[in-house]
Amino acid sequence: MLTIEDLHVNIGDKPVLQGINLEIKKGETFILFGPNGSGKTSLLMALMGFSGYEVTRGRILFKGEDITQAPMYERARLGIGMSFQRPPTIHGLRTRHLVQMCSRKGKVNPELLAGRVNMTEFLDRDINAGFSGGEIKRSELLQLMAQQPELVLFDEPESGVDMENMQLVGKVARDVLDGNFNIAPDLSSDLTLKARKESTRTAGLIITHTGYILDYVNADRGQVLYKGHLCCEGRPRDILDHIRQHGYQECVRCMN
Amino acid sequence: MSTVDLSQFTFEGLNREAIDDLNTLSQEDKDQLLLAGVVADESMRSASYLQMDHSAVHCRSHDEGVEILDIKDALKKYDGLKEYYWTLVDRDKDEFTRAADGNLHGGYFIRVRAGAKIKDPIQSCLMLKAENVGQNVHNLVIIEEGAEAHIITGCSVAHGTKAGAHLGISEFFVKKNASLTFTMVHNWGESVAVRPRSAGVVEEGGKFLSNYVLLKAVKDLQMYPSITMNGANSVARFNSVVVAPRGSHLDLGNRVIMNAPGTRCEIIARTIATGGTIINRGHIGAHAVPSKGHLECQGLILGDGRIWAIPELDGTAEGVELSHEASVGKIAQDEIEYLMARGLDEAEATSTIVRGFLNTDIMGLPDRLQREIDKQIEELQASDAM
């Protein structure tokens with residue numbers, strides 16, 4: 001689904017990613033660990049195509065297509081969705097309207113989707129205006145549900161979220177990764193229920209600091225990003241336990 | 001400051017026949033009225049006033065709580081309205097006030113009787129119909145104690161009329177515990193010069209809420225209405241949405257003077273220059289405590305143009321709380337990219353943000369006027385200007 005080959009990224013003159021190689025398969029959930037400033041967010045921004053993140057070497061393939069230089073909206077339309085950490089407020093743009101615009105595949109029911117993330121009363125408010133940390137996460141998930149991406153990029157789904165909200169955010173994040181967008185399943189196909197479930201799963205690339213999100217989602221693989229390099233691949237739980245015990249210092253040794 | 005040569009315009013003799021039924025107007029005139037929020041069938045309106053060139057052609061109330069008159073008739077009926085007429089605006093202020101004083105063509109007198117809560121808006125339109133007409137009007141609004149009303153007033157030029165001058169004096173009196181919502185929509189022409197001179201006074205517990213919308217080109221407009229809050233616990237709020245296409249020169253703003261304890265005010269102006277010039281003034285003076293005022297001037301320059309924001313705060317007592325926020329810039333890149341990450345291309349993202357910026361939902365306008373404004377914004381965006 002997503003293939004990253006020898007990716008080098010600069011912000012201005014400063015290299016932030018130096019030779020990233022990564023493959024995420026269809027429906028697979030991949031967890032990215034790493035200390036502050038290691039380049040995790042930069043990787044997500046570069047994958048989405050934000051201005052200011054310049055690819056100096058390597059390429060990004062999505063569903064076999066080279067999107068290294070593609071504009072953001074093309075990546076989004078191809079099926080990449082992103083949950084923003086600190087989204088901007090847009091005056092006069094109702095959350096409801098944005099949710100409708102997120103769905104290019106056709107009709108969505110904003111009320112129905114909003115009900116699932118407890119955002120009904122926010123539909124007629126300006127997007128992100130005065131939203132708390134937890135409300136931002138819920139609003140981002142609401143937009144992703146409408147967008148129905150095939151790959152979601154989550155930047156720290158647990159940051160700024162209190163325990164009460166975490167449960168809801170975690171559950172809906174899981175729904176999104178399970179491809180459970182409240183769309184009627186295609187019963188005409190010959191696939192078994194299990195196979196159908198597999199085929200609708202959304203791939204995910206999730207950044208986490210605390211690992212709380214692992215309590216909610218089925219993470220398949222994980223890796224540590226350290227100073228612009230990927231290292232230490234393993235099962236996300238194991239990596240998390242390791243970091244908790246030894247910190248990221250181990251990664252330095254591992255790399256050398 | 002730009003100047004207007006009044007000698008170019010005809011200030012004499014452009015009198016018009018009375019119009020009993022606004023439905024008999026030509027479709028083009030009716031369309032112009034609608035742009036200004038005025039519906040010809042007068043449905044869902046409690047009173048109507050229409051001024052064309054030098055005559056008040058239609059003046060009717062459908063609600064006993066509302067008295068609406070041609071100002072000339074009101075001056076006769078109420079013995080010159082000495083307590084009100086020219087008491088807030090200085091008749092000797094400038095050549096425009098002197099012109100209106102010396103040669104009055106009309107204007108509305110609206111009085112909402114004490115305690116009357118008027119549900120449907122009162123509508124008025126001041127229209128320039130003849131080419132090169134100069135129009136002098138003087139409007140007077142009195143909202144008596146405990147009364148509530150919404151006045152929608154539009155100014156426009158008839159279809160095909162290009163040049164004109166509109167000089168308008170307006171004086172507002174919001175009495176104790178009364179509430180006035182005043183919505184003004186301007187649809188002038190590319191060669192029209194406009195000089196409103198307005199002032200109001202709000203008494204104890206009174207509310208003055210003003211909405212202003214200008215989306216069409218106007219050659220030269222200068223106005224700086226001033227509201228004085230003389231009563232304790234009174235409230236004033238101003239919302240403006242203004243666009244200056246190429247050829248427009250706008251010098252506008254709001255001034256609020258808080259002279260009593262417990263007063264609150266808010267001035268919010270959102271302006272877009274697409275080639276024209278906007279001087280966006282704002283002034284809040286606080287001279288009693290407690291008092292709280294906030295001033296906001298947000299400006300976007302799209303393409304080219306000039307936006308000059310001049311926010312002023314003047315506090316003269318310990319304990320006043322005044323703040324302002326001003327910005328002049330372009331559409332923020334992070335907003336564009338946020339929407340592009342949802343699949344909108346750059347043009348879609350930009351127009352969505354501009355439409356949001358110009359959003360007038362907060363004004364609580366009647367549906368038909370809101371639809372007209374939305375339509376105008378779409379037309380504006382469809383043109384090359386944005």
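Which residue's side chain does the side chain of B:Gln370 join through a polar contact? In this predicted model, the partner is B:Thr360, and the contact between the two side chains spans 2.8 Å. B:Gln370 lies in helix α6 of chain B, which comprises residues 367–382. With a relative accessibility of 11%, B:Gln370 is classed as buried, because the cut-off for that class is under 20%. Leaving aside residues up to four places away in sequence, B:Gln370 touches B:Thr360, B:Asp361 and B:Leu365. The C-alpha atoms of B:Gln370 and B:Leu35 are 9.8 Å apart, although 335 residues separate the two in sequence.

Strand β15 of chain B (residues 249–258) is largely enclosed by the rest of the structure, since 8 of its 10 residues are buried. Strand β12 of chain B (residues 220–223) runs parallel to β15(B) and is joined to it by 4 bridges; in this pairing, B:Met223 has B:Leu252 as its bridge partner. A parallel pairing over 4 bridges also links β15(B) with strand β13 of chain B (residues 226–229), where B:Met229 is partnered by B:Met258. Strand β17 of chain B (residues 277–286) is likewise parallel to β15(B), with 10 bridges between them, and B:Gly285 in β17(B) stands opposite B:Ile257.

In chain A, the axes of helices α3 (residues 95–102) and α5 (residues 133–147) come within 7 Å and cross at roughly 35 degrees. The crossing of α3(A) and α5(A) is right-handed. From α3(A), A:Thr95, A:Leu98, A:Val99 and A:Cys102 meet A:Leu142, A:Gln143, A:Ala146 and A:Gln147 of α5(A). This contact has 5 nonpolar and 3 polar residues, with no charged residues.

Conventions:
Residues numbered from 1 in each chain as written. Chains lettered and ligands numbered in written order. Predicted model: local features only at pLDDT ≥ 70, side-chain atom pairs only at ≥ 80, totals over all residues. Heavy atoms only, no water. Axes fitted to C-alpha atoms, helices over the stretch in contact; angles between N-to-C directions. Helix = DSSP H or I, 4+ residues; strand = E, 2+ residues; numbered from the N terminus. Left-handed = near helix turned anticlockwise from the far one by under 90°. Contact = heavy atoms within 4.5 Å. Nonpolar A, V, L, I, M, F, W, Y, C, P; charged D, E, K, R; others polar. Buried < 20%, exposed > 50% of the residue type's maximum accessible area, 1.4 Å probe, protein only. Polar contact = N/O pair within 3.5 Å; in protein donor to acceptor, adjacent residues only side chain to side chain. Pairing = 2+ DSSP bridges.
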